Amino acid sequence: TYPKRSYYGGPDYTCQHCRAIFWYHERVQSQSSRQHIVYNVCCRGGKVSLPKHRPSPPPLHELVRFDGGSSSNQFMRLIRQYNSLFAFTSLGVHVDKSINTGNGPYVFRINGVVHHRIGSLIPEPGHRPEYAQLYIYDTANEMQNRLNIVDPDGDALPDPVIVSALIKMLDDVNPLVKKFRMARDRLHSPSAPEVAIKLIGTIDGHGDRYALPSSTELAGLLIGGSSAGVSSFDIVVQSHGSEFKHISPIHPALMALQYPLLFPYGDPGYHTGIKFKQPPTDGRENVSQQEFYVHRMHYRVGEPNPELCSGRLSQQYQVNCYSSVEASKLSFYFFNQDLLRCETYQGISDAMGRGASNGRDVGIKKMLPATHVGSKRYMQQNFHDCMAICRVYGPPDKFTTFTCNPKWLEIIEALRFEPGQRASDRADMVVRVFHMKLDEYLDDIKEGRVFGPVRAVAHTNEFQKRGLPHSHIIVWQSETGHEPSVEDVDKYISAELPDPNIDPLGFSLVQEFMMHGPCGPANPKSPCMKDGKCSKNYPKQFRSETSFDPAGYPLYRRRNNGIVTCKNNIPLDNRWVVPHNLDVLKKYQAHINVEACNQ
């Protein structure tokens, strides 16, 4: 078990194999099911060995900075638009823009399934060139053609000077761009032969240890419609035609085609057949897709980290990687239904046995296992587990939330490695610190340091609209019966501002994290306002003592003692305090709501 420390400091441990950074608390977990050295997560103890990223070429190296000048700041804000100008493939998914209202940090969220597609080399008559076609068609007006496809972000548009410099950079260093330029030259020749580009879908390993081939092996040029050497995994992009080619999530050129600004050298991405440096104990020989992306997304000091340090484009890339991993898992379940014994769920007799009165539910269904997070069977299994706890121990006694604080010192110190970065730019770091803190909070609850001895704990994690993770936790206490008492509520829960003269730290923490609103007439546009009133029923009423209403809900003590704080220049008293545990608040310094459950 790890030594208890209230503050862990910044990253103070580096993986001896791949130099990924960790906090001390992450090295060894306290729970027996997780007692392992955490560097197994980043590279599995040196078994996953991939080439390092090369420094970005100029001018990209000077533009991808958070502490640069005005041009760099403008580039980082529009980096997704700049990348879309040079992407070879489309991001076939609906991007939800409604979440970014300007009231919080930028969040990249998608709905639906991602489909990366690439069209012909030459656009159809009457259609403007897009994506890969921009590298071939009407290159004399290439910059203007690229600017014409921009989806403006408000009033901001890409800088033509930067676009021109990036065009020259990719022409010089990107082998995929060179292949498309070569196809352009062939198509513009007097004989104008039939030209196609082959995107190679299989890459062989070299020897016992995996070594990536050169980037030029990702694409090849086919002259005269030749199909020699084209395998079933290759994608052939014809010069003419209206058919779009779908690019698989495991195609080695997928990420290089979609994110040329993250991979300006056209480096191969994940594909099947990547060997472990040393085979793990489970008998597998190949690196999984999730292990590949996990290794790439661990921050390493002193090395280029484009997947993590490219602002909004990094967010899009990380969501895309997650979607690719999920798509691969779902594809495996689709083609391996026999392993899940799904024949027991099919057939008319089974449907009738389940009480089906019509044929709507009859047919072949694709089942997801209970191990797939978010599947129906996964949710049912966890729900039944919680109901089993309630059957044995009765209803829970306490409910608490644990919300991430992006101003935690661990996050602030980790961001100093890349000057100018904010917490919203590093979702990976925010989630890792939150998980570290949540593990300790749950450990404190289970060991009786928060609510006394407990019999059971259940929790679920989710993400707020602003992108911060938080957890909902319910607790079954050992020292209480089925009837809550006023003494028990007052012992663990407070809904008042501490006296700033007696407890200045407690007062400042409640003032910063546990004050609701202001809402109501003072702020009618507050998110909690529904139909002209606060959905959380704030402000509450002053109460000299804690009590319970006829329905069993607790009414916390909120004395009119004259202690007031200000938020947005609006005075707030005890009526606006969110119930909390002061000792927990002082230790974790985040929004941690604590409530007594209605029994």
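## Overall picture

A residue is called buried when its relative accessible area is under 20% and exposed when that area is over 50%, with partly exposed residues in between. By this rule, 45% of the 599 residues of the protein chain count as buried in this predicted model. The chain has 18 helices and 18 strands. Among its contacts with a separation of 6 or more, 66% come from residues 24 or more positions apart.

## Helix 10 against helix 11

Two packed helices are described by the angle between their axes and the distance between the axes. Helix 10, which spans residues 289–296, packs against helix 11, residues 312–335, at an angle of about 165°, and the two axes lie 10 Å apart. Angles over 145 degrees count as roughly antiparallel, so helix 10 is roughly antiparallel to helix 11. The crossing of helix 10 and helix 11 is left-handed. On the side of helix 10 the contact is made by Gln289, Gln290 and Tyr293, while helix 11 contributes Tyr317, Cys321, Ser324, Val325, Ser328 and Lys329. Sorted by class, the contact of helix 10 with helix 11 has four nonpolar residues, four polar residues and one charged residue.

How much of helix 10 is covered? Helix 10 is mostly covered, since six of its eight residues are buried. The buried residues of helix 10 are Gln289, Glu291, Phe292, Tyr293, His295 and Arg296. Of these, Gln289 and Tyr293 are also named in the contact with helix 11.

## Helix 5 against helix 11

Helix 11 also packs against helix 5, residues 79–86, here at an angle of about 65° and with the axes 7 Å apart. The residues that meet are Ile79, Arg80 and Asn83 in helix 5 and Arg312, Leu313 and Gln316 in helix 11. By class, the contact of helix 5 with helix 11 has two nonpolar, two polar and two charged residues.

## Glutamine 318 in helix 11

Glutamine 318 is found in helix 11, and with a relative accessible area of 17% this glutamine is buried, because the cut-off for buried is under 20%. Which residues does glutamine 318 contact, leaving aside its neighbours within four places in sequence? Glutamine 318 is in contact with Met297, Glu307 and Leu308 when those neighbours are set aside. Glutamate 307 is eleven residues away from glutamine 318 in sequence, and the C-alpha atoms of the two are 7.5 Å apart in space.

## Backbone exceptions

Most residues other than glycine have a negative phi, and most peptide bonds are trans. Against that background, the peptide bond from proline 58 to proline 59 is cis, with omega near 5°, and proline 59 is found in the loop between helix 2 (39–43) and helix 3 (60–63). A cis peptide bond also joins glycine 517 and proline 518, with omega about 5°, and proline 518 lies in the loop between helix 17 (504–513) and strand 12 (529–530).

Positive phi values are found at two asparagines described here. Phi of asparagine 537 is near 65°, and asparagine 537 lies in the loop between strand 13 (533–534) and strand 14 (547–548). Asparagine 537 is exposed, since its relative accessible area of 53% is over the 50% cut-off. Asparagine 568 has a phi of about 55° and lies in the loop between strand 16 (565–567) and strand 17 (570–572). At 60% relative accessibility, asparagine 568 counts as exposed.

Is proline 539 buried, exposed or partly exposed? With a relative accessible area of 35%, proline 539 is partly exposed. Leaving aside its neighbours within four places in sequence, proline 539 is in contact with Arg575 and Trp576. The C-alpha atoms of proline 539 and valine 577 are separated by 8.6 Å, although these residues are 38 residues apart along the chain.

## Cysteines

A disulfide is a covalent bond between the sulfur atoms of two cysteines. When a disulfide is taken as a pair of cysteine sulfur atoms within 2.5 Å, the count comes to zero disulfides. Cysteine 43 counts as buried at 1% relative accessibility, whereas cysteine 566 is exposed, with a relative accessible area of 53%.

Conventions:
Residues are numbered from 1 along each chain as its sequence is written. This is a predicted model: local features need pLDDT of at least 70, side-chain atom pairs count only at pLDDT 80 or more; totals for chains, interfaces and linings use all residues. Side-chain values use heavy atoms; hydrogens and water are left out. Axes are lines fitted to C-alpha atoms, for helices over the stretch in contact, and angles run from 0 to 180 degrees between N-to-C directions. Helices (H or I, at least four residues) and strands (E, at least two) are DSSP runs, numbered from the N terminus. Angles under 35 degrees count as roughly parallel, over 145 as roughly antiparallel, 65 to 115 as roughly perpendicular and the rest as oblique. A crossing is left-handed if the near helix is turned anticlockwise from the far one by less than a right angle, and right-handed if clockwise. Contact means heavy atoms within 4.5 Å. Ala, Val, Leu, Ile, Met, Phe, Trp, Tyr, Cys and Pro count as nonpolar, Asp, Glu, Lys and Arg as charged, and the others, Gly among them, as polar. Buried means under 20% relative accessible area, exposed over 50%, partly exposed in between (1.4 Å probe, protein chains only).
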